[in-house]
Number of protein chains: 2
Amino acid sequence: MDLDRAAGRLRAGGRRVTAQRRAVLRALTELGCAADAEEIHGRARRMHPRIGLVTVYRTLEAFTAEGLAQSVFLGDGRTRYEATEQGRHHHHLVCLHCGRIATTDECTVQPLEGTILRRGFEVTAHRLELFGYCARCRTRR
Amino acid sequence: MDLDRAAGRLRAGGRRVTAQRRAVLRALTELGCAADAEEIHGRARRMHPRIGLVTVYRTLEAFTAEGLAQSVFLGDGRTRYEATEQGRHHHHLVCLHCGRIATTDECTVQPLEGTILRRGFEVTAHRLELFGYCARCRTRR
DNA sequence: GTCTAAGTGAAAATCAGTTTCAATAAGACA
DNA sequence: TGTCTTATTGAAACTGATTTTCACTTAGAC
Ligand SMILES: [Mn+2]
Ligand SMILES: [Mn+2]
Ligand SMILES: [Zn+2]
Ligand SMILES: [Zn+2]
């Protein structure tokens, strides 16, 4: 998500574009997958040293509301975030041994959503995370 | 999961079978899907009035480690738990309007696990939650 | 029955995330 | 460009979920 597009979305939502928000947006894209608030704060500080962690939390909330970011839960007690990709989505493969995160663009959930709709429930979103052992950890262990 | 089976699994893991753990196990099966620690505590108290919330947390941790229970994350800031069904699993449909939870036994994730394995990552578990609007909330709103 | 380590409860601590409030600064408008 | 309104910010205090500490209890092995 480039800055202009993001700025437009924020303004469309009645929100202001601040140096802090630009810093968080850049941190988010630089960090890639599933970064937590502390990590995002640390990275955002490089561009805007005075930014507070509170502002990072508030910004992530605003970004999520405007569809610029989305939350990811990996079960480690903190909420993680990543920039949303327009019209696409991916899922995470979490290695239970080393903690590294890989991703898949493949998603086999849509057909299931159809079946569920036939039962009356309209699915608008889903979360899928896969856990196991990455190639590295599977061989040398 | 019946008591004998559960007791066996606990003992196999070097753990003891206590009145508190029996109460939590029963609470878990009575409550069904995705109950949080407070709810489980409230229910367990009916059978064992002196049980503390701390013990409930510790028991849920033990049960999870022994495969008797599993955690569920619905994104509301608390960890939820449910008894594991042997050899089966299901997924949750969370209504974004009324909060009610429905379930599906259908799971389209396994073929994806195969594809992923071909890339070297061995999937041992997955979490899938679906969000949207239930029949009730979809019609009358 | 005795013994020992696992388990328990209450209180205190931790940790992620939220709220409060006074100061700051987008950006609409003159 | 300057003025004004109101969203945003940072620091400190707070909240709510979960964990840790520690003295006491008890399951279950012998
Ligand atoms: Mn990702
Ligand atoms: Mn369930
Ligand atoms: Zn790994
Ligand atoms: Zn509903």
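Trainee: Which residues touch the most other members of the largest nonpolar core?

Mentor: The model is predicted: local features need pLDDT of at least 70, side-chain atom pairs count only at pLDDT 80 or more, and totals for chains, interfaces and linings use all residues. Residues are numbered from 1 along each chain as its sequence is written, chains are lettered from A and ligands numbered from 1 in the order in which they are written, and side-chain values use heavy atoms, leaving out hydrogens and water. A nonpolar core is a set of buried Ala, Val, Leu, Ile, Met, Phe, Trp, Tyr and Cys residues joined through side-chain atoms within 4.5 Å, where buried means under 20% relative accessible area, exposed over 50% and partly exposed in between (1.4 Å probe, protein chains only). Of the 24 residues in the largest such core, those that touch the most other members are A:Ile116, A:Phe121, A:Leu130, B:Ile116, B:Phe121, B:Leu128 and B:Leu130.

Trainee: Which helices and strands each supply at least two residues of this core?

Mentor: Helices (H or I, at least four residues) and strands (E, at least two) are DSSP runs, numbered from the N terminus. The elements that each supply at least two core residues are S4 (91-95), H5 (110-118) and S6 (122-133) of chain A, with S4 (91-95), H5 (110-118) and S6 (122-133) of chain B.

Trainee: Which residues of chain B does A:Ile116 touch?

Mentor: Contact means heavy atoms within 4.5 Å. Not counting residues up to four places away in sequence, A:Ile116 touches A:Phe121 and A:Val123 in chain A, and in chain B Leu93, Thr104 and Leu130, that is B:Leu93, B:Thr104 and B:Leu130.

Trainee: Why do the copies meet through the same surface?

Mentor: The test is whether interface residues of chain A are also interface residues in chain B. The copies meet through the same surface because this share is 100%.

Trainee: In what order do the strands of the open sheet of chain A lie?

Mentor: Two strands pair if DSSP finds at least two bridges between them. The edge strands are S1 (35-36) and S2 (69-73) of chain A, each pairing on one side only. Five bridges join S2(A) to S3 (residues 79-83) of chain A, and A:Ser71 stands opposite A:Tyr81 in S3(A). With antiparallel pairing, the order of the three strands is S1-S3-S2.

Trainee: At about what angle does helix H2 of chain A run to S3(A)?

Mentor: Axes are lines fitted to C-alpha atoms, for helices over the stretch in contact, and angles run from 0 to 180 degrees between N-to-C directions. Helix H2 (residues 19-31) of chain A lies across S1, S2 and S3 of chain A, and its angle to S3(A) is about 90°.
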